[in-house]
Amino acid sequence: MVRTSGLKKHFTDPKTGLKKAVDGIDIEANPGRIFGLLGANGAGKTTVLRMLSTVIQPTAGTATVAGFDIVSQPGDVRANIGFMSSSTALYGRLTSREVLEYFGRLYGLSESRLAERMKYVVEKLQIEEFADRLCDKLSTGQKQRVSIARTILHDPKVLFFDEPTSGLDVVTSQTVMEFIEEARDLGKTVVFSTHIMSEVERLCDDLAVIHDGVIVAKGTPQSIKDLAGEQSLERAFLSLVKFQAGYVSSRESR
């Protein structure tokens with residue numbers, strides 16, 4: 001599972017001063033379920049995932065991923081996660097197959113295990129027809145398939161998706177979402193960030209609404225709609241965010 005307690009990340013900007021990108025969040029994501037982080041751009045979603053994946057260290061608080069502490073056991077965390085975003089890059093001068101071989105060796109897979117996993121992901125994601133083509137020559141949809149393959153190559157227990165459909169066409173977006181659903185069905189722990197309501201409605205079993213670095217509500221999508229007294233998730237989200245913004249403004253004016 002993924003669990004955080006009082007997780008914070010503060011930055012100091014020379015012009016604007018202290019920025020509380022994430023300011024004390026508590027979440028729990030469990031195997032066989034998709035946990036969504038729903039928030040507008042700049043809400044803190046990406047910062048949360050970067051801390052959980054050990055890309056950056058928290059200012060305060062704790063978190064464990066697959067039973068490992070993100071600060072004291074970063075290597076173990078990385079060995080048990082797959083991370084994919086809309087900006088996940090591929091090496092343009094390598095073929096799809098070479099990219100997978102490269103990352104498989106970075107993950108420390110044995111040659112026999114690497115061959116086994118490559119066969120699986122190439123067949124599963126229908127990469128064979130362009131496996132020996134340079135990544136620079138691939139279409140957007142083909143690149144996304146290779147990115148998914150790279151993410152799951154080492155069969156991680158936990159998967160992080162940071163707005164993975166951003167900028168994609170409808171067909172490619174469907175491929176990504178179908179894969180995320182399948183990962184849940186295989187018992188993976190999935191944490192998924194987005195600002196697209198339809199994706200949340202379709203994918204998320206559990207949800208946290210994040211705004212200005214704090215969680216303003218969490219529960220199932222239905223319980224969050226009930227909390228806000230709204231029929232649609234979009235209206236519930238807007239209601240909760242506006243309430244939080246008004247609460248913060250009132251405190252700051254005191």
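**Ground rules.** I number residues from 1 along each chain as its sequence is written, and I leave hydrogens and water out, using heavy atoms for side-chain values. Because the model is predicted, local features need pLDDT of at least 70 and side-chain atom pairs count only at pLDDT 80 or more, while totals for chains, interfaces and linings use all residues.

**Cysteines.** I looked for disulfides, meaning a pair of cysteine sulfur atoms within 2.5 Å. The structure holds 0 of them. I then checked burial, where buried means under 20% relative accessible area, exposed means over 50%, and partly exposed lies in between (1.4 Å probe, protein chains only). Cys-135 has a relative accessible area of 1%, so I noted Cys-135 as buried. Cys-204 comes out at 7% and is buried too.

I took helices (H or I, at least four residues) and strands (E, at least two) as DSSP runs, numbered from the N terminus. Two packed helices are described by the angle between their axes and the distance between the axes. The axes are lines fitted to C-alpha atoms, for helices over the stretch in contact, with angles from 0 to 180 degrees between N-to-C directions. H3 spans residues 96-106 and H4 spans residues 111-124; their axes are 10 Å apart, at an angle of about 135°. That makes H3 oblique to H4. My cut-offs were under 35 degrees for roughly parallel, over 145 for roughly antiparallel, 65 to 115 for roughly perpendicular, and oblique for the rest. The crossing of H3 and H4 is right-handed. Right-handed means the near helix is turned clockwise from the far one by less than a right angle; anticlockwise is left-handed.

I listed the residues in contact, meaning heavy atoms within 4.5 Å. H3 brings Arg-97, Leu-100, Glu-101, Gly-104 and Arg-105, and H4 brings Glu-111, Leu-114, Met-118, Val-121 and Val-122. By class I found 5 nonpolar, 1 polar and 4 charged residues in this H3 and H4 contact. Ala, Val, Leu, Ile, Met, Phe, Trp, Tyr, Cys and Pro count as nonpolar, Asp, Glu, Lys and Arg as charged, and the others, Gly among them, as polar.

**Helices H5 and H6.** H5 (residues 140-152) and H6 (residues 170-185) cross at roughly 15°, and their axes come within 10 Å. The two helices are therefore roughly parallel to each other. Their crossing is right-handed. Gly-141, Gln-144, Ile-148 and Ile-152 of H5 meet Thr-172, Val-176 and Phe-179 of H6. I sorted the residues of this H5 and H6 contact into 4 nonpolar, 3 polar and no charged.

I also looked up Ser-173, which sits in H6. Ser-173 is buried, at 10% relative accessibility. Leaving aside neighbours within four places in sequence, Ser-173 contacts Thr-165 and Leu-168.

**Ile-215.** I located Ile-215 in strand S11 (residues 214-219). At 23% relative accessibility, Ile-215 is partly exposed. Ile-215 and Asp-23 lie 192 residues apart in sequence, yet 8.8 Å apart in space, C-alpha to C-alpha. Not counting residues up to four places away in sequence, Ile-215 touches Ile-25, Asp-26, Ile-27, Ala-208, Val-209 and Ile-210.

**Positive phi.** Ala-66 has a phi near 55°, a positive value in a residue other than glycine. Ala-66 lies in the loop between strand S5 (60-65) and strand S6 (68-69), and is buried at 18% relative accessibility. For Asp-155, phi is near 55°. Asp-155 is in the loop between H5 and strand S8 (158-162), and is partly exposed at 33% relative accessibility.
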